[in-house]
Amino acid sequence: MDDARGEVWVIGGGPAGLMAAETAARAGAAVTVVERMPSPARKFLLAGRGGLNLTHSEEAERFLARYGDAAPQLRAAVEAFPPERLRAWAADLGEETFVGSSGRVFPKSFKASPLLRAWLRRLDGLGVRLRARTLWTGFAGTDGLRLQGPDGSEAVVTPGATVLALGGASWARLGSDGRWVPALEAAGAPVTPLSASNCGFEIAWSDHVRDRFEGEPLKRVALACGDLAVRGEAVITREGLEGGAVYALSAPLRDGLVAGPVRVLVDLRPDRSEADLAAALARTRPRDSLSNRLRKGAQLSPAAVALLREGHGRDLPSDPAALAALIKAVPLTVTGMRPVERAISTAGGLAFAGLDDRLMLRARPGVFAAGEMLDWDAPTGGYLLQASMATGFVAGRAAAEWAMRHAGHATP
């Protein structure tokens, strides 16, 4: 058994774990990051391929409301490490940020890799050690951690404090597979079952839609499930629909699917009123085909027209008012969610009831938790990364204080 009392060991090298490591090291603790993959932050890099969305610029209360039922539990962390502090942190690493037209915040480079390289250099300069290809397999006794090295060898280490930042269960090939759940439950920590979030949903398309329109975008639409309506874009897939507007409906869809299929309404022209659409359709030439009337009068793409027929049947009315009403409410039946391993993020996880206000496990003193493994859910738009970094900051600060106090040192 290796005695590392006075040190902080961080299990997981994603954004939450790396932020915990940086914060603990800045507080004066000796820090080791344990990462099961050959290199850290692989999901972070994948998320940044299309433009790294760091956070969002909206005002604080609206921002916090995006976390739904978990907002009260996340408030202290987000206030301790708010979006403006995350932007300053990125700038200090040489990555200035800007606010896009949607309010989302991006690095000016739009990339994750330069930011990660600078971050790893900073961690190295702070003396943070990285043990890659090393798997945490559970707890040992009251204070130890069981680790499995790349050669399969087993070891037990006893740090002064531990931060668990093990991620959820999405994109398992990148490192987060949810295998930590049994170990936490065995330790007496309450865990809400992991499920998919920010993922596509499944629809039993006709052969025509599936084969002809797979991969086609639906631009500037609105999707509604129950009381929640979201504007954005979607993409037709063989299995159903993907895209930002779809992901934002993850929570009501997930809840509704427990009882069976769920109806979603698609407004193909949310920027135009029903009366305006009816008037535009009435101005089209009567001898035009229905498809041409929809294209000219309602500016519907072929994919949108196909969706309209999919929801309402092929025999659509010619009356402009009736047709406009159908365009504003296309019913689709959702039969399921895409698998959790294909989701952007995970709902469920380590319940806040099992943590104190420092994010320490009540069942395991000296062990803290951060990031997506906690039981919170959020839409895309910068909220996922912000909460991961903020909880990593809080957990890292608290872990350093715990480790140094119990080693007989005072924190700076």
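Modeller: Strands here are DSSP runs of E with at least two residues, and helices are runs of H or I with at least four, both numbered from the N terminus. The model is predicted, so local features need pLDDT of at least 70 and side-chain atom pairs count only at pLDDT 80 or more, whereas totals for chains, interfaces and linings use all residues. Residues are numbered from 1 along each chain as its sequence is written, and side-chain values use heavy atoms, with hydrogens and water left out.

Biologist: Why is Leu 359 called buried?

Modeller: Buried means under 20% relative accessible area, exposed means over 50%, and partly exposed lies in between (1.4 Å probe, protein chains only). Leu 359 has a relative accessible area of 6%, and is therefore buried. Its phi is near 65 degrees, a positive value in a residue other than glycine. Most residues other than glycine have a negative phi.

Biologist: What makes Trp 171 buried, and where does this residue lie?

Modeller: Trp 171 has a relative accessible area of 17%, so the label buried applies. Trp 171 lies in the loop between β9 (154-164) and α7 (181-186). Trp 171 also has a positive phi, of about 55 degrees, although it is not a glycine.

Biologist: Which residues have the most contacts inside the largest nonpolar core?

Modeller: A nonpolar core is a set of buried Ala, Val, Leu, Ile, Met, Phe, Trp, Tyr and Cys residues joined through side-chain atoms within 4.5 Å. The largest has 84 residues, and those with the most contacts inside it are Val 8, Tyr 67, Trp 89, Trp 136 and Trp 376. Helix α15 (residues 383-406) supplies the largest share of this core, 15 residues. Apart from it lies another core, of 46 residues, among them Ile 203 and Val 266.

Biologist: What is Arg 364 in contact with, and how do you know that this residue has no salt bridge?

Modeller: Contact means heavy atoms within 4.5 Å. Leaving aside neighbours within four places in sequence, Arg 364 is in contact with Phe 139, Ala 140, Gly 141, Thr 142, Asp 143 and Gly 144. A salt bridge is a side-chain nitrogen of Lys or Arg within 4 Å of a carboxyl oxygen of Asp or Glu. Lys and Arg count as positive and Asp and Glu as negative, while His and the chain ends are not counted. The nearest side chain of opposite charge to Arg 364 is Asp 143, 6.1 Å away, and the buried Arg 364 has no salt bridge. Arg 364 is placed in the loop between β18 and β19.

Biologist: How many salt bridges does a search of the whole structure find?

Modeller: The search finds 25. In one of them, Glu 22 meets Arg 122, with the closest N and O atoms 3.0 Å apart. This pair links distant parts of the chain, helix α1 (residues 15-26) and helix α6 (residues 113-125), 100 residues apart. Both Glu 22 and Arg 122 are buried.

Biologist: What ties Asp 267 to Lys 328, and are they buried or exposed?

Modeller: Their side chains meet in a salt bridge of 2.8 Å, N to O. Asp 267 lies in strand β15 and Lys 328 in the loop between α14 (320-327) and β16, so the pair ties together parts 61 residues apart in sequence. Asp 267 counts as buried because its relative accessibility is 12%, and Lys 328 likewise at 19%.

Biologist: What makes β16 and β17 edge strands?

Modeller: Two strands pair if DSSP finds at least two bridges between them. An open sheet of 7 strands has the order β16-β15-β12-β13-β14-β11-β17, with antiparallel pairing. β16 (330-334) and β17 (336-337) each have a single partner strand, so one side of each is left without a neighbour in the sheet.

Biologist: How do you know that β13 and β14 pair?

Modeller: Strand β13 (residues 228-236) and strand β14 (residues 240-242) run antiparallel and are joined by 2 bridges, while β12 and β13 pair over 7 bridges. Ile 236 stands opposite Leu 241 in β14, and a hairpin joins β13 to β14 through 3 residues.
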